[in-house]
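Here is a short report on a structure. Start with the view below, then read on.

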Amino acid sequence: MLYHDRFNCGRLGLADIGKTVHLAGWVDALRDHGEVLFIHLRDRSGIVQLVFSPEFAPEEVCRQSTSLRSEYCITAFGRIVQRAKGTENPNIETGDIEIIVTDMTILSRSDTLPFSITEKAMVGSGNESESREPVSEELRLQYRYLDLRRPGMQQFLIKRHKINACIREFLDQNEFIEVETPILTKSTPEGARDYLVPSRVNPGHFYALPQSPQLFKQLLMVAGFERYYQITRCFRDEDLRSNRQPEFTQLDLEASFIDEAFIFNLIEELLCRMFEAGGTSLPRPFPRMTWQEAMDKTGSDRPDLRFEMHFVEATDIFKETRYSIFRQILQRGGVIKGINVKQASDSLSKNVLQNEYAKQIVPGFGAKGMTWMRVTGDKLDSNIVQFFSDQEQRAIIELFNAENGDVILIIADASLEVVNSALGRLRLHVADRLDMIPKNRFEPVWVTNFPLFEATEEGVTSSHHPFTAPDRMDFDPTDQEDLLSLLSRSYDIVVNGEELGGGSIRIHDPSIQQKVFTALGLSPHEAEKKFGFFLKALDFGPPPHGGLALGLDRVVAMILKTPSIREVTAFPKNRSAFCPMTRAPSRVAHEQLVELGLLDLGKIEALPGSDQEQETIDYLSWVSRIGFEEDERSMIQSALEDAVRMAKEVSGNAREYEPAISVFRGQNRFRKGNAATRSSFVKTRDLFKNTPFVKGDYFKVASILE
Amino acid sequence: MESKIFTYINTSTLSREDGSMAGTNVAVESGISVANWPTDAQSPALENYVALEDATLILRLRNAGAKLKGRTLMGELGLGLDRDTCGDAINSGLSDVVLKTDTTGEARMAAAISGCFGFKPSYGLISRFGLFSLIPSMETCGILSGSLETISKTIHTMAGFDERDPSMDESGIDQAMSQFNFQEDFQDGPLTVGLVREWNTVMGQSGNKGFEQAVATLGKAGVQIKEVSIKDFSLARTVHNVIGTVEASSSAGRFDSVRYGHRTSALVKNWNEMYVKSRGESFGPLVKAYLFQGGYFQYQNYSAFLDACRIRARLIETFEKAFETVDLIALPVSGNYGPTTEKPDTVSDFYDIFSLTLLANLTGNPSISIPGPVNDGNTGPALQLIGQRFNDARLLALAASVSDIYTGEMHHEI
């Protein structure tokens, strides 16, 4: 069978009536009307209805058609006719026509499907309103090739392709060159864990998969390409989070002889084009906020600007307050900030404010408490309002621009970070709860000038990476205070509170680069060991340059409004970084490990004698989750020595006996009936009586991850 | 006085007056659940824990009119006798019965120290629902009392099938209960008491004059003495140690500081650290060393655990065989070290103390300690008798005859 004259199902229409066409695709749905069989044939372009009728098709074809089942792959010849009046199907593009089949061949058969693929109900089948159980994502990922047959999923990937094509076209117009950089490379300084690849040829040595092509793209600038881009895969071995993949795609670009304005212009234009591919237009120019402004106004470096509710700094009006909680916080140099939730007093009752927000939600955000005030008429109404003087109350109303029906939420704490972070999360929580976030609206913003460094216990660390240019060059790398006051020439592009990408103008002066390394506590020797190849390159006339990387999966997911980046990834891993289809990662053969020299590695590294024993204690302490103090070590150590001796004493003894786990073999007993029942202690809440920490209806534990 | 013996004293005087246990004062150690009583098994792992409901055996005693007196102190999570006060509760006359978990011999040893009877019932006869010890496969509710009759009555009240305990042996229970119900004549013909040939090889003990004399007294009173061989006798403490620590390591998993127990006040980064810190602070040195040993067998040498279980199987079989030729097996309660409430420093010290009582825990046999007969200067004056499984009523009856021999003997000497 030849396919050169094949037509696409979804592109047929009234204009094609009378043509004889050759089609191929999958059986999307069937409807048997006794003599006549209707099927929906689906290919990538869409769906068209085929009609098998003994009037037109040879007996053999009709007979074969009765064996068709969902997702059989077939090819068919037939004549296009207009559907009879009243039988048109408005649910499919080709609903005005159908194909009278004259010949058909089954190309391959399908097993029973693990889940239904068809998305369009056939008219008249009565199934239109039938609500389908959502298929579990695990099952979808296991049979991803079937999941991807669904037109909706195909559209996601097709649109992603179009967005990619649009990127390439636009960057090509702007004279960017696509250059590929290595996947097997050396660990780069992004700060997440690397995926390591053992080298067989150099036993005991490892490549790292790139967390980004950062150093290579800067080297391409040194090499004089001036404008580079790449749509590339990056790898980060990070802890599990719902919307994260161990490998992800990045649009990475870098340019020489440019400044921030060039990047803003370029990326705004690019993003507008990308969003247009998904049918959304973004307003230009994008607003800009410095990091400081974003933190002050929203408590977040990823401000969601779809709604206002900006922070109000209220520290000053409480300078003389009698309210002891505020007074104590101010004495400790603290701050008081709040938000005005406009016209929310109907939705936020006293009970909700006090018992939910002040007692549970806000403490969960890390603040000790929350003060709330409802505005009734021109008065404030709250459980603590009596502690505030009239003057303070008037100042609050004025400062917060408060009107009847507003609700003012205030957080005070000795630490500005705590106030910003808790109030920022509260702002989002309230907005979400009161449905204040407009759907289908996109509010981009540039967040610029992040601090160059963050304080750590040992000194400072880079907020982005150590190649980001500072806003001034005259800093003293040994003066921590000076270092923490430095801002960077960095910029993040944020849309709707989600960071889509970021970048910076880079350091191109080797002496400044060395100063940054010194500030980070890297000795020249260590810097040489880690980035020697890169530092060397900076000695050979590097151009001023900067760039940016966009998380393409996230951008595409946002443009296509999918709930997860997995929907726009052909073969993603699940939330446990596992692929249910290929079952990767998997164990490997012992021989492979031997060949890679991975088995010997431990032996070389392991230290003999006491350290090995120390490891046993620490290992047992970890697997048993029982900590111990150093002064208990020797006691446990000797107990373990006894255990080893006892193991020798019992081993190999009484071989012919079955182990007696108990005197009497326990019996499985099943509760009567098969309905789940709740313990009466749950109903009475007695179950919580003995717990050291309880929160609402839950046992409270430390967070799962750091 | 009372407050030194009891950590909690029941002020409620409500109890039935018509039941079989009416008027009997029962003290309960803190490892057995009594609804609304503090139940911390003397461990921070159960800090501030208040039982939500009665252990099945408590419920049965309550229904039979027993007067629940209060809480006695115990070794942490039932391991050993550190700070134990159950004997004092009897000696002071404040209670007629003390309930004390026996997984290694604790109840019998405590009785030996205080000079009363201590009984460990057959494994699987009394429901373990609501008991908190670390070693489920050896856990039984032991009873201390000055009166064998009271012990018998208490056992009879507490025993019987309970579907909340999956380790109950229904046919064994039937047999044991029928003995209690039909107080038949337990002995026709002369009584035969077995002496374990290997007993003094444990710890290389060089004879125990008091015990030899006690046996000789039995012989004089017409009891037949017969040697039996228990091949694995000297291995028993090791087997108990291996199995006990593995079960402890596993069953201590429930002490997670989430649903109950001590939660660390240290700042922790994540819940794993919360577990490590909280549990590290929850267990005393003996329990901690015990759990680490269990961790070793569980995670690094599981085959040693299985091998220990094989030896346990052989021990059970040897025991059953021995009882084909003898009615009881006699042993001292304690070896040369004498009974002691002293705090053992190490797991090994702990096993030194209980090396002769742990056998019955391994095999599930009933065992009783009788105060008095083994008089060897300062060492333990108590004799231990082990009976056949689910012949608890018979063991108690025979223990009464044996005890009579000694009291008669003592009268004779006076």
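## Chain A overall

The model is predicted. Chain A has 706 residues, and 32% of them count as buried. Its secondary structure comes to 20 helices and 24 strands.

## A five-stranded sheet

Chain A holds an open sheet of five strands. The order is β12-β13-β16-β14-β15, and the pairing is antiparallel. Strands β12 (312-313) and β15 (379-381) of chain A form the edges, each pairing on one side only.

Within this sheet, β13 (residues 335-341) and β16 (residues 407-413) of chain A pair over seven bridges, in the antiparallel sense. Here A:V335 stands opposite A:D413 of β16(A). Helix α11 (residues 416-433) of chain A packs on the sheet and touches β13 and β16 of chain A. The direction of this helix makes about 155° with that of β16(A).

## Where chain B meets chain A

The contact joins 63 residues of chain B to 50 residues of chain A. On the chain B side, five helices each supply at least two residues: α8 (236-251), α9 (271-282), α10 (285-300), α11 (302-322) and α12 (347-354). The most comes from α11(B), with 12 residues.

What is the make-up by class of the side of chain B that touches chain A? That side has 31 nonpolar, 19 polar and 13 charged residues.

Conventions: Residues numbered from 1 in each chain as written. Chains lettered and ligands numbered in written order. Predicted model: local features only at pLDDT ≥ 70, side-chain atom pairs only at ≥ 80, totals over all residues. Contact = placed C-beta atoms within 7 Å. Helix = DSSP H or I, 4+ residues; strand = E, 2+ residues; numbered from the N terminus. Nonpolar A, V, L, I, M, F, W, Y, C, P; charged D, E, K, R; others polar. Pairing = 2+ DSSP bridges. Axes fitted to C-alpha atoms, helices over the stretch in contact; angles between N-to-C directions. Buried ≥ 20, exposed ≤ 12 C-beta atoms within 10 Å, placed from the backbone.
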